[in-house]
There are 2 protein chains.
Amino acid sequence: MPHAPHTPPLPFSSLDEIADEVRRAGGRLSAPRRRVLEALFAADGPVSADELARGGPGDGALELSSVYRSLEHLEALGVVAHVHLGHGPGLYALTGAGAREHLVCERCDRVTSVDPSQLDPVRDVVRELFGHHARFSHFPLVGLCAACAAAERSDRGAERRS
Amino acid sequence: MPHAPHTPPLPFSSLDEIADEVRRAGGRLSAPRRRVLEALFAADGPVSADELARGGPGDGALELSSVYRSLEHLEALGVVAHVHLGHGPGLYALTGAGAREHLVCERCDRVTSVDPSQLDPVRDVVRELFGHHARFSHFPLVGLCAACAAAERSDRGAERRS
DNA sequence: CCACTACTGCAAGCGGGTTGCATCTGGCGG
DNA sequence: CCGCCAGATGCAACCCGCTTGCAGTAGTGG
């Protein structure tokens, strides 16, 4: 059971660059692999394996298992990372340039993505208190967004979500 | 699709007290329900529905679906809450007295449970920066524990986990 | 003690993800 | 330019955690 990488996000910026990296590691840039990567480059935010499999409307769908195996491989290379926002499927994104960390509201499910540096003060406090090095890229910081926290305070006993 | 409660943890301390609460809400304290509660009282930490279903070695196993339905019901009453630590099954615990929040190491999977007040400084920073009210009871604070963070710094490129 | 209805047991189903295996193919060595 | 063969694919079956539909059972207020 292979697992995720904490490979430091070497910045990969082009498909070719990644292709080389894949081959350097003894892998091959097969058609599905390429299409997964293209879809990841095209996406503007983390996407599910399923969305990657469906791909562009032009071409036929990719086999889901291949997509997962590709993502696993790319993740081991440090090229891709996935995040678990709430209860849904895992979402995948390229690690290069604009890595993000996430805050999720567990009431309205809204996702706030921020630059990791913005969460450094939080990390500092956590490290000070527990020695723990917090990361909000793989699992987000969960709680109530400002709006929902306010709503919660007044409106005691309304609709709820897990 | 019913969902979890943020019902303020009214402190329930005995099975009888909970029994009354269940009935007050128009519910019944059926045998499986009682056994789930007994198991939760007996447990010293959050347990999976599956563990609750197996129950004590003496008695036959409970139906898993009933366990889930009981937990759902008790959760709606604010008597029980569940937490998602990593990728495994959800874990359930009584809400009374010793409510805890959790830090998980995503490398060694170690869980650190703390009194919610200990995380207030973290909550303060988060609220200040994002207006977000962080909660680490339903989803934990994820990152690297002190030991693994140190290991990560030296030992670059060892075994990894998701 | 009755009737009413919440709850149970069972079996099927679902979403997300993994695995085993026969087949195919990218791409290096020649 | 080609052949080889490990690495990758496609497909189907499977696993885990959890939910749902339904007919039958059993707490509980009256």
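## Surfaces around the DNA

The residues of the surface near DNA strand D divide into nine nonpolar, 12 polar and seven charged. The model is a predicted one. In total, 28 residues surround DNA strand D, and A:G27, A:P32, B:S65, B:P89 and B:G90 are the closest. At least two residues each come from helix 2 of chain A, helix 4 of chain A and helix 4 of chain B. The most is given by helix 4 of chain A, with five residues.

Around DNA strand C there are 27 residues, of which A:S65, A:P89, A:G90, B:G27 and B:P32 come nearest. The elements giving two or more residues to this surface are helix 4 (64-76) of chain A and, from chain B, helix 2 (31-42) and helix 4 (64-76). Here helix 4 of chain B gives the most, again with five residues. By residue class, the surface near DNA strand C holds nine nonpolar, 12 polar and six charged residues.

The table sets out the two surfaces.

| DNA strand | Residues around the strand | Residue classes | Element giving the most |

## Chain A and its helix 4

Chain A contains six helices and seven strands. Read from the N terminus, their order is α-α-β-α-α-β-β-β-β-α-β-β-α. Of the 162 residues in chain A, 31% are buried. Of the contacts in chain A between residues at least 6 apart in sequence, 54% join residues at least 24 apart.

After helix 4 of chain A comes A:G78, with a positive phi near 85 degrees.

## Strand pairing in chain B

In chain B, strand 3 (residues 91-94) is joined to strand 1 (residues 47-48) by two bridges, and the two run antiparallel. Within chain B, B:S48 stands opposite B:L91 of strand 3. Strand 3 of chain B also pairs with strand 2 (residues 80-83) of chain B, in the antiparallel sense and over four bridges. There B:V80 stands opposite B:L94 of strand 3.

A:D109 is not a glycine, yet its phi is positive at about 65 degrees. A:D109 sits in the loop between strand 4 (101-105) and strand 5 (111-114) of chain A. With 14 other C-beta atoms within 10 Å, A:D109 is partly exposed.

In chain B, B:D109 likewise has a positive phi of about 65 degrees without being a glycine. The place of B:D109 is the loop between strand 4 (101-105) and strand 5 (111-114) of chain B. B:D109 has 14 C-beta neighbours inside 10 Å and so counts as partly exposed.

Technical notes: Residues numbered from 1 in each chain as written. Chains lettered and ligands numbered in written order. Predicted model: local features only at pLDDT ≥ 70, side-chain atom pairs only at ≥ 80, totals over all residues. Pairing = 2+ DSSP bridges. Near = placed C-beta within 6 Å. Nonpolar A, V, L, I, M, F, W, Y, C, P; charged D, E, K, R; others polar. Buried ≥ 20, exposed ≤ 12 C-beta atoms within 10 Å, placed from the backbone. Contact = placed C-beta atoms within 7 Å.
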